[in-house]
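Please consult the sequence and the structure shown here.

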Amino acid sequence: MPFDVADIPTIRKSLLFYRIMAWVVGVLLVVLVLIGMPLKYLAGNGLVVTITGVPHGWLYMALLVSAYNLGRRVDWPWLRLILIALAGTVPFLSFVAEHYATKDVRARIAAVESGAAGPAADAAGSDSHLA
C-alpha cells in the first residue's frame, strides 16, 4: 500500500485542494474560450480575455502542483499526472479528469480504511508465497 490510515486526513485535504483547483481552472478556461475569445475576435472586446486569461494561467500552475502533491501521496503513475495536466488546457476536460481522479482516490482511501490490500499488494503477496 502506498499509504496507511494515518495518511488519510492529509490525502483528503490534498484531494479537496486538487478538486477546487480543477474546478476553478476549468470554469476560467470555459469562460475564456467560450465567452472571452469570441468577444475579443468577433466584437473587438478583450476585457474578458484579460480578466480570465491571466488568472487561468497562474491557477493552472497551482492545479499542476496540487495534482502532483495528491498523486505522490496516493502513488499515481506519471501518465495520470500528465493526462491531468493536459486536461487543464481543454475546455470541460478538467471536470472529467477531476471526476475520475476523485473516484480513484476515494476508492484507494476506502481500500486502506477497510484493510484491503489492493491489486498491487495482492500481486506482491502471490509472489511471496511462491518463494
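Predicted model: local features only at pLDDT ≥ 70, side-chain atom pairs only at ≥ 80, totals over all residues.

Which helix supplies the largest share of the lining of the second largest pocket? That helix is α3, which contributes six residues.

**Second largest pocket**
- The volume of the second largest pocket is about 190 Å³.
- Its lining consists of L79, R80, L83, I84, L86, A87, L93, V96, A97, Y100 and A101.
- At least two lining residues come from each of α3 (78-87) and α4 (93-113).
- By residue class, the lining of this pocket comprises ten nonpolar residues, one charged residue and no polar residue.

**Packing of α3 and α4**
- Two packed helices are described by the angle between their axes and the distance between the axes.
- The axes of α3 and α4 come within 8 Å and cross at roughly 150 degrees.
- Because angles over 145 degrees count as roughly antiparallel, α3 is roughly antiparallel to α4.
- In this contact, α3 provides R80, I84 and A87, which meet L93, S94, A97, Y100, A101 and D104 of α4.
- The residues of the contact of α3 with α4 are six nonpolar, two charged and one polar.

**Residue K13**
- K13 is located in helix α1, which spans residues 8-43.
- The relative accessible area of K13 is 63%, so K13 is exposed, the cut-off being over 50%.
- K13 and L70 are separated by 57 residues in sequence, and their C-alpha atoms are 9.1 Å apart in space.

Notes:
Residues numbered from 1 in each chain as written. Heavy atoms only, no water. 1 Å grid on protein atoms, 1.4 Å probe; cavity = no way out; pocket = protein on both sides within 12 Å on 5 of 7 lines; lining within 4 Å. Points joined across faces, edges and corners; volume = space filled by probe spheres on them. Helix = DSSP H or I, 4+ residues; strand = E, 2+ residues; numbered from the N terminus. Nonpolar A, V, L, I, M, F, W, Y, C, P; charged D, E, K, R; others polar. Buried < 20%, exposed > 50% of the residue type's maximum accessible area, 1.4 Å probe, protein only. Axes fitted to C-alpha atoms, helices over the stretch in contact; angles between N-to-C directions. Parallel < 35°, antiparallel > 145°, perpendicular 65-115°, else oblique. Contact = heavy atoms within 4.5 Å.
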